[in-house]
Amino acid sequence: MLASQTLLHTAVFALTVLQALASDTFIAAVYEHAVILPDATDEPVSPEDALALMNKNMDVLEEAIKEAAQQGAHIIVTPEDGIYGWRFMRETIYPYLEDIPDPAVNWIPCTDPTRFAPTPVQERLSCMARNNSIYVVANIGDKKLCNSSDLGCPSDGRYQYNTDVVFDPEGKLLARYHKYNLFRRETQFNYPKEPEAITFETPFGKFGIFTCFDILFHEPAVVLVSELQVDTVLFPTAWMNVLPFLTAVEFHSAWAMGMGVNLLSANTHNISLAMTGSGLFTPEGPAAYHYDSGTEEGRLLLAELSARPRLSPTYPPAVNWSLYATSIKKFPEEKDTFSGAVRRDIFTFSELRCKAGNYTVCQGDLCCHLVYRMLNKSKDEVYVLGAFDGLHGSLIKYHWQICTLLKCKSTDLSTCGQPVETAQTKFEMFSLSGTFDTNYVFPEVLYSGVQLAPGEFKVLRDGRLKSKHGTSQPLVTATLFGRLYEKDLPHPLRTSPYNITP
């Protein structure tokens, strides 16, 4: 019986590969998971209790993986923290960690579970992939023992890493990635000593992988796309939405368009922490996305994507993001400007006082230009043009240049930049551009109710973000996110001789 099952699995896997080879597209899936969280505790739980909690989450993920496979998906991405959640200190997360070997060991945990025992989580994930003939991407924790001969070894004698794993349709451990840019609350984890650029080939393109906060930095995100030329990025995330922009679906879609790759973004779902927003994003815009701040339910998304988007006839042309804005001579800088905060970032704003006009607002080296006509301006709404040129962040500092057409929370100008997700005003047209010092610029439009606007705007080769035929829905923001990676402050690891916990 076992031999016949193995032959059947081999035949199914071979058929899956042949089908993928015969097409220039593939079916991708992401699952936004409402994670079952552990109880907050100052003391570590037993390994048995930790595994019981993880199995509850994996029960949910397994059902999503089965459904995705039944609908023809070749690969599925699950979220960061999707198996054990958060609420951890360094000591209390330890029972949830496993030693994850280098994929070069050529290991299928499902069929050889004792080789690196105990690894029950890796075994189960491997079997999910193998039993459903699908690539499975998951986020778990890795532990590595160390000793005093390693000057960076933490005092408890181990490294702990936020880790993504990929299992192929046979269940083999195909890739392992240790998160390099830790968010300020991730004190339970260590940085890897060097940033990792993890790629692997599939019958439907070259893939890269990184985690959540990593997307904002040159290493590994830009390295994977610009230097290693991946076609698709796998992106487990636990993204807390920051309105009026930097919501998950808005920025992740913008990043995929700006970088010219597919991005498979799987977010955790927790409305009390403003965590929602997943999608299958392409260089042309979102193929499918989900944003739900009202329920506690997970969501499976699937879409057919180009396997090698750079070879697609619809692949967007290269953009010179400052060409148009630097050529403008007739728009003087607005005199009547004011400052407003978007979180901790101080923007320079100018109110759009008329239903149509030309505006320019500057901050630092950045000048933002806007031409617009409102269709039905609500008297209860105020819009501004905003510019930001500076460092953002706490533990890790990184440099933004941002131009935004933005709805204020109320008619009180002091509310400009505060969270807002609904609007009433539509625009007959708008054209937004900026004197960016970088070609890494990410464009996106956000409509009322945190809805994207696929197909309703275009980016011209001279760097203008323009509406095509007006906005079909009321506008919350139209934004160009520019990243000056060369002006970032050093990574915390680069400022210390030791690889210590942040």
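Start by selecting strands E6 to E11: six strands form an open sheet in the order E6-E7-E8-E9-E10-E11, with mixed pairing. Strands here are DSSP runs of E with at least two residues, helices are runs of H or I with at least four, and both are numbered from the N terminus; two strands pair if DSSP finds at least two bridges between them. Colour E6 (199-202) and E11 (285-290) next, since these are the edge strands, each pairing on one side only. From one strand to the next, the twist averages 15°.

A quick word on what you're looking at: this is a predicted model, where local features need pLDDT of at least 70, side-chain atom pairs count only at pLDDT 80 or more, and totals for chains, interfaces and linings use all residues. Residues are numbered from 1 along each chain as its sequence is written, and side-chain values use heavy atoms, with hydrogens and water left out.

Now zoom in on E7 (residues 205-209) and E8 (residues 232-237), which run parallel and are joined by three bridges. Ile 209 stands opposite Leu 234 in E8.

Next stop: helix H2 (residues 47-70). Its 24 residues should span 34 Å at 1.5 Å a residue, and the end C-alpha atoms are 33 Å apart, which agrees (the expected span is 1.5 Å times one less than the number of residues). Show its buried residues, among them Leu 53, Met 54, Asn 57 and Glu 62; buried means under 20% relative accessible area, exposed over 50%, and partly exposed in between, with a 1.4 Å probe and protein chains only. What covers them includes E1 (25-32), E2 (75-77), H4 (120-132), E3 (135-145) and E12.

Last, where does Ser 322 sit? Look in the loop between E12 (299-306) and helix H7 (323-327). Ser 322 counts as buried because its relative accessibility is 16%. Leaving aside neighbours within four places in sequence, Ser 322 is in contact with Gly 434, Thr 435, Phe 436 and Asp 462.

Terms used
Axes fitted to C-alpha atoms, helices over the stretch in contact; angles between N-to-C directions. Contact = heavy atoms within 4.5 Å.
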